[in-house]
Amino acid sequence: MKVTIDNITLEVEPGTTIMQAARMIGPEIAPPAMCYYEPLKGTGGKCRGCLVKVTAGSEKDPRPMPKLVPSCITSVQDGMIVENTINEQVLETRKGIVEFLLLNHPLDCPVCDQAGECHLQDFSFEHGVSATRTVEDRNTFDPVDLGPYIKLNMNRCILCYRCVYAADQLTEGRVHGVMHRGDHAEISTYIEKAIDNDFSGNVIDVCPVGALTDRTYRFKSRVWFSKPEDAHCDCDKCSGNVTLWYRGDEVIRVTGRKNEWGEVKEFICNTCRFERKKTSDWVIEGPTKIARHSVISANKYGANLIQPSFPIKQAALEYKLIDDDRDRSFLPARKSLPSSEKK
Ligand code: SF4
Ligand code: FES
């Protein structure tokens, strides 16, 4: 099927969603996703962060769709035309969605362990407005320990349901979920029953905000002070492919490896995540690739930044003019580098 997104046309398989098609083009065109999580079936359709404008429904019926549609759960039709980054209404609505998600979310990034890898932080930085219009009190909840490894800060939850789908699909008996409805809705377990399944730790990785955090890592370091390394081990429960987060020589956290959309590639077991915290437990593969724009890469690559070398400086000064008859009177006079720099 042919689909055009932001004036870029591509062909996709039937059943592809607008989000998936946009991701094939690249991160500049892909809509933001706060609840959709490709590795987990059924996710999406909750946060409205990914709304786009369909200006032509299909080749057969080219009428525009009357309202913005969630791109993560809307399938592409042949001949569909979609606008995302080039549509004013979409961008304006996204500001409202950020404002809505922040209605009850505390602005506690300075003390939140998710800071630096929080999707809501990225979303509000890229699409939010700098001021708030709300004066009402936020919903507040006491932090809860969900077993020995996971801390729930319900104040920060945006009810994306990712952790519910993760527990449903990765563990045998889900013991937590969204209780109540409307503005009373909250993530909870019955009588705070511990989540002690082998794969329960994955809810930490899928949570886009700091609502579910690793109790063995909390407050140990800001993420941008730690160094991530890919490593693997021979594990009989999971693939054993992980990212180790180092502070100095100490492994302070173990997580699943994530793709460019921040989604876990292979879910890992609790033994790998919480109990293998020594370098000797792992075979180190090398530094994890981190997107250059991410705050996680801050201060890590200074030694690799190369000063422009002599040949580049020389080339800039001694370029050859193209042999044509255009007026070049505005060009600077050619100069040579002093011989002391010709090394
Ligand atoms: S706890 Fe996290 S993953 Fe679960 S619904 Fe809330 S924001 Fe989503
Ligand atoms: S990512 Fe599409 S509605 Fe949340």
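**Close-ups of a predicted model**

**View 1. Strands S7 and S10, side by side.** Strand S7 (residues 150–152) and S10 run antiparallel, joined by three bridges. Strands here are DSSP runs of E with at least two residues, helices are runs of H or I with at least four, and both are numbered from the N terminus. This is a predicted model, so local features need pLDDT of at least 70 and side-chain atom pairs count only at pLDDT 80 or more, while totals for chains, interfaces and linings use all residues. Residues are numbered from 1 along each chain as its sequence is written, and chains are lettered from A and ligands numbered from 1 in the order in which they are written.

**View 2. The open sheet S6-S7-S10.** Its three strands sit in that order with antiparallel pairing; to pair, two strands need at least two DSSP bridges between them. S6 (144–146) and S10 (212–214) are the edge strands, each with a single partner, so one side of each has no neighbour in the sheet.

**View 3. Around ligand 1.** There are 14 residues around ligand 1, and Cys157, Cys160, Cys163, Cys207 and Ala211 come nearest. To be near, a residue needs its C-beta atom, placed from the backbone, within 6 Å. The shell has 13 nonpolar residues, one charged and no polar. Nonpolar covers Ala, Val, Leu, Ile, Met, Phe, Trp, Tyr, Cys and Pro; charged covers Asp, Glu, Lys and Arg; the others, Gly among them, are polar.

**View 4. Stepping back to the chain.** The protein chain has seven helices and 14 strands.
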